[in-house]
Amino acid sequence: MAILEIKDLTKKFGGVLALDHLSFDVKEGQILGLIGPNGAGKTSFFNVVTGVYAPDNGEILFKGKDIKSLKPYEICQKGICRTFQIVQPFRAITVFQNVMIGSFCRTSDTKEAKEKTLRVLKFMDLYQKAEIIANDLNLIDQLKLEFARALATDPKLLLLDESMAGLNTTECKAAEYLIKKIRDKGVTLVVVEHNMRAILSIADHIVVIVYGSKICEGKPQDVVRDQKVIEAYLGEGFSNVALK
Amino acid sequence: MKVVKIRNKKLVCPKIYLFLAIFILLFVLPLYLPQYYIHLLTMIFIFAVAAEAWNIIGGYGGQFSLGHAAYFGVGAYTSTMLFHYFNISPWIGLLLGGIVAVLLSIGISHLCFRLRGPYFVISTIALAETLRYLFINQRWITFGARGMNIRYIGNAPLYFQFSGKLPYYYIALLTMLIVVFVTYKIINSRLGYYLIALGQNQDSAEAIGVNSFKVKLIDLCVSAFFTSIAGTLYAQYIYFIDPDAVFGLSLSVQIMLFAVVGGIGTLWGPIIGTFVLQIASEWASATFGSGLMGFKFIIFGSILIIIVLSGKKGIIDIFTTLYYRLLQTEQKQL
């Protein structure tokens, strides 16, 4: 069952065609990897889906309903949440307060929000750090905070934009574990990543975007062997990688 | 977290006793003070209402307004004109003034919230100045620069007029406490958290469900409402208003200054700031008299410079830092 349907999505910024008749579906419960070279349109795609920009053409259907004209906060209320390429926690306040803002998406009662915040913090293993100012956290904790804040909004679909940027191998593995944990909770994920090893390890399905258009999609082991993908982005190095 | 809670308990006790002591003092004191000091305190309370209301949108909301006199003046003129022309009790005028201020703020929000930074500030100045000129020019109804008097009808509590100073004192004090309570409620509610988020990072906030326009709008409405109430209180206490006094830029700046010097974005900051600056200005007037007109602005400026140089966010911040430093010393001795 497709939770997100993208049909013929097109977006121009002046002379630059960021999204070129993009079409694919995201199935409920899967982790979809979105890969492609820099400037391919991956972040633009997230921006258009979450209402930051309006598309010039095409359809965006979330659970069958059109969300093209909604504002970012409405889209969050519908159940789509996104994280940012450069982590953007609310720096001057504590971890707990950061997640509270996410919790308030589903309730206006402070007490309920506090309980939910505690649950999410425990789930993301941030409970011990609840009273630390967000700016003082290290990168992996800031990433966890970003996830926690998004999770607190009870999303059905989570869009992660290059979450593993700047993480070392151990931290990457921790992030992969968290992403899978979030999926097991019933959240569908679309993950943009340049870290191929990570994507190959977590993604059920991969879509490859180059210059705003989809050049390939399919199972990870098929995508890494596709000739177009190898030429445009990956190179030969991944053809022989042992996949899950 | 347990350690923090225990520490908090230690901190909470002295704070509450301090506040209780001050409250009792404020309620009992006027019975023993000379008229001048009652007047001084009443004026402080009235301006503190305006400063605390400003803080709701200027401090917590992050929308730095230099035109809050617009709402102050709306409150003052609404109640005064309704009383003058239709003999409507200023108590009702108080509420109606608040409603007009809220409607005005809704209209302004749609025009000005898309503006960022200094452009928003300029638009707030423009609003107050526009109203000031409007009220100066529409002499036929507002009496223009000549101003309006509140008709003296003796002791008439139902018409917000009292023969002594004490009733005004207590009304102003009560109103001030109400605004502080409202601010406290906002801070701990969803609105308060959303305001903080917006102030930190608007895009991030919208991505997790914050309707930035609606949040800022509600915030400004609350702020405008209470600022307008301060305006009505002022009019009823002083018995005279004119466009320069209640719509003037210097009033807007003063309100902002009280909040900023006291502690922008804090609960008690604007109150403390009003006390400090008003007392300093009265002291300056008393000491230097008419020899140095406008000296109070030099005082204001000097205090502001000291605050800014201290690197702290106002008097409250300075005292909080000292307080924690003192506590640490005590703990070491234990």
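How are helix 2 of chain B and helix 7 of chain B oriented relative to each other? The points below take this up for a predicted model.

1. **Helix 2 against helix 7.** In chain B, the axes of helix 2 (residues 35-60) and helix 7 (residues 166-187) come within 8 Å and cross at roughly 20°. Angles under 35 degrees count as roughly parallel. Helix 2 of chain B and helix 7 of chain B are therefore roughly parallel to each other. The crossing is left-handed.

2. **Who makes that contact.** Helix 2 of chain B contributes residues including Ile38(B), Leu41(B), Phe45(B), Val49(B), Glu52(B), Ile56(B) and Tyr60(B). From helix 7 of chain B come, among them, Leu166(B), Tyr169(B), Leu173(B), Met176(B), Val180(B), Thr183(B) and Ile187(B). By class, the contact between helix 2 and helix 7 of chain B holds 19 nonpolar, 4 polar and 1 charged residues.

3. **Chain B touching chain A.** The contact between the chains draws 19 residues from chain B and 26 residues from chain A. On the side of chain B, helix 8 (190-200) and helix 9 (202-207) each supply at least two residues. Helix 8 of chain B gives the most, with 6 residues. The side of chain B that touches chain A splits into 10 nonpolar, 7 polar and 2 charged residues. For the complex, the predictor gives an ipTM of 0.87 and a pTM of 0.85.

4. Helix 3 (residues 95-103) of chain A meets helix 8 of chain B with axes that come within 10 Å and cross at roughly 110°. That makes helix 3 of chain A roughly perpendicular to helix 8 of chain B. The crossing of these two helices is left-handed. Chain A brings Gln97(A), Met100(A) and Ile101(A) to the contact, and chain B brings Tyr193(B), Tyr194(B) and Ala197(B).

5. **Helix 8 within its own chain.** Helix 8 of chain B also packs against helix 10 (residues 212-238) of chain B: their axes come within 10 Å and cross at roughly 115°. This crossing is left-handed. Leu191(B), Tyr194(B), Leu195(B) and Leu198(B) of helix 8 meet Ser212(B), Val215(B), Ile218(B) and Asp219(B) of helix 10. The contact of helix 8 with helix 10 of chain B has 6 nonpolar, 1 polar and 1 charged residues.

6. **Domains.** Chain B is divided into domain 1 (1-32) and domain 2 (35-249). The C-alpha centres of the two domains lie 29 Å apart.

7. **Confidence.** Chain B has a mean pLDDT of 88, and 92% of its residues reach 70 or more. Helix 3 (residues 69-86) of chain B has the highest confidence, at a mean of 96. Helix 1 (residues 2-28) of chain B has the lowest, at a mean of 65. Over residues 1-12 of chain B the pLDDT is below 50, and this stretch has 3 contacts beyond near neighbours in sequence. Residues 330-334 of chain B also stay under 50. For that stretch, the model has 0 contacts beyond four places in sequence.

Key. Residues numbered from 1 in each chain as written. Chains lettered and ligands numbered in written order. Predicted model: local features only at pLDDT ≥ 70, side-chain atom pairs only at ≥ 80, totals over all residues. Domains from an automatic or database assignment. pLDDT = per-residue confidence, 0-100. Helix = DSSP H or I, 4+ residues; strand = E, 2+ residues; numbered from the N terminus. Contact = placed C-beta atoms within 7 Å. Axes fitted to C-alpha atoms, helices over the stretch in contact; angles between N-to-C directions. Parallel < 35°, antiparallel > 145°, perpendicular 65-115°, else oblique. Left-handed = near helix turned anticlockwise from the far one by under 90°. Nonpolar A, V, L, I, M, F, W, Y, C, P; charged D, E, K, R; others polar.
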